[in-house]
Amino acid sequence: MPGSDRPFMLSFDDYDRSDATALATLIRTGETTAQEVFDTARARIEAADPALNAFAHRHFDLAQAQIDAGLPEGPFTGVPFAIKNTGLDVAGMELSTGSALFRGCVSQADCTLVARYRRAGLVILGKTNTPEFALSFATEPAAFGPTHNPWKHGYSAGGSSGGSAAAVAGGLLPFANASDGAGSTRLPASHTNLFGFKPSRMRNPLGPVAVEAIAGMSTPHALTRTVRDSAALLDATAGPDQGDPYGQPPREGSFLAAAGRDPRPLRIGMTLASPLGTPVDPEIVARVQAAARLLESLGHHVEEVADAGYDGPALKTAWRVIPGTAVAAAVMARGAALGLADPPAALEPVNAEWVREGLRLTAGDYLASVNQLHRTARDLGRFFARYDVLLSPVAAEPAPRHGEMASAGTTLDAFYDRFWAHSPFTCAFNAAGFPAMSVPFGLLASGLPVGVHFGAGFGQEERLFSLAGQIERAAPWAHLRPGQMQEAAR
């Protein structure tokens, strides 16, 4: 502030080099202010987001009102944040779920998780871009346009949390909300050199209105540059909501503390083959093998296994039924409210086909699909009776060019096969409700980032955070930044 004795005014370089924990410390110690950080974030978004298209809805007025009203003391007081444009209500903000059909839908109250974000002191700047209804691993909604990967313009930042990934990787925000129903946090993390963590089912709440999302498969958390930011944020938000239908897995201490200590030597099963029998890029296989060598050098035992013991094709078939049914119900309700004769006609073609399919499904179809999720959980549970962690690729291929996974000009069957071929490894952890994470592991020959995937048994977040922290200390990644977008915004 003018006339202050603080050592420095916050520059973009100061902002960019700081993770959320560091920014919170600068604010807490008086070296900067929440207002100054917000002003820097806003300027950064206004300069860089036209090239990235990370945001679907900016709500700077509401963020300023938060600061003016006074922020609570929390672990992230004054740190800027954004919410993915699907699933979570933020009072006064638009929730269009990436769809023209839902434009103009404004939330009247905060959901439980957003209220916890506010109690942690976060300043919420808006909503990040997502594919229509979050039903793709590429963020290219017709209603809002494609989000670009900060590492390579014209390539996907992943999906469905692609806007959040681009916002963090591109230096707009230190971290951002994400959600994961089949890999939608972990895939964008892998494609943008971020840490992406999916907690156990119901570790973070979805209430008070929603009970669960896509039969309990979708889990909200965040995309971060550092392990400590992810762990500290989960410490601030985890815990049951009133009336939650599932019990919370127990934990011994804080996730942040777990991230700061090395785990005991772990027995790690590694699978390199797709559970669907689809191809896996050889360069990605090589990165997972390199990760295995690093883990062994850290004292862990890594053993290659043919598979994790669950039925991949059966899970692929079941997953299609559940979001199809859920989205169909939401679309028809919205259409009735708007007086539309044919609500699916307002959607992107593949999603319209998916909704029409969902409307034809029976209760028996849905129940059989939910039971397949439970069978997957049983199978993975048996795997984790023998191993502490499962290591695999995150995606079977690098980040695709825009259009390669688009829903335009194709059929639902072709799109769905492409969707699963891109990431056949991640969804089992959504079906089972087990925690999993994508950990950055360098750059491919193309210059695009790649992550490796780790999963553990139900409630084993502390184990994963300890392992992630150990890897981060041994092979750090946060210093690697995309240069193209950084220079374009200066």
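How many aromatic pairs does a search of the whole structure find? I found 24 aromatic pairs, counting rings of Phe, Tyr and Trp (its six-membered ring) whose centres lie within 6.5 Å, with planes under 30 degrees apart called stacked, over 60 edge-to-face and the rest tilted.

I noted that this is a predicted model, in which local features need pLDDT of at least 70 and side-chain atom pairs count only at pLDDT 80 or more, while totals for chains, interfaces and linings use all residues. Residues are numbered from 1 along each chain as its sequence is written, and side-chain values use heavy atoms, without hydrogens and water.

**Entry on ring pairs**

I looked up Phe81 and Phe175, which form an edge-to-face pair at 5.1 Å centre to centre, with 75° between the planes. Phe81 belongs to strand S2 (residues 80–84) and Phe175 to strand S6 (residues 175–180), so the pair ties together parts that are 94 residues apart in sequence; strands are DSSP runs of E, at least two residues, and helices are runs of H or I, at least four, numbered from the N terminus. Phe81 and Phe175 are buried, meaning under 20% relative accessible area with a 1.4 Å probe, protein chains only.

I then turned to Phe195 and Trp477, a stacked pair at 6.5 Å centre to centre with 20° between the planes. Both Phe195 and Trp477 are buried.

**Entry on helix H10**

I checked the length of H10 (residues 282–297): at 1.5 Å a residue its 16 residues should span 22 Å, and the end C-alpha atoms are 23 Å apart, which agrees; the expected span is 1.5 Å times one less than the number of residues. Among the buried residues of H10 are Ile284, Val288 and Leu295.

Methods. Buried < 20%, exposed > 50% of the residue type's maximum accessible area, 1.4 Å probe, protein only.
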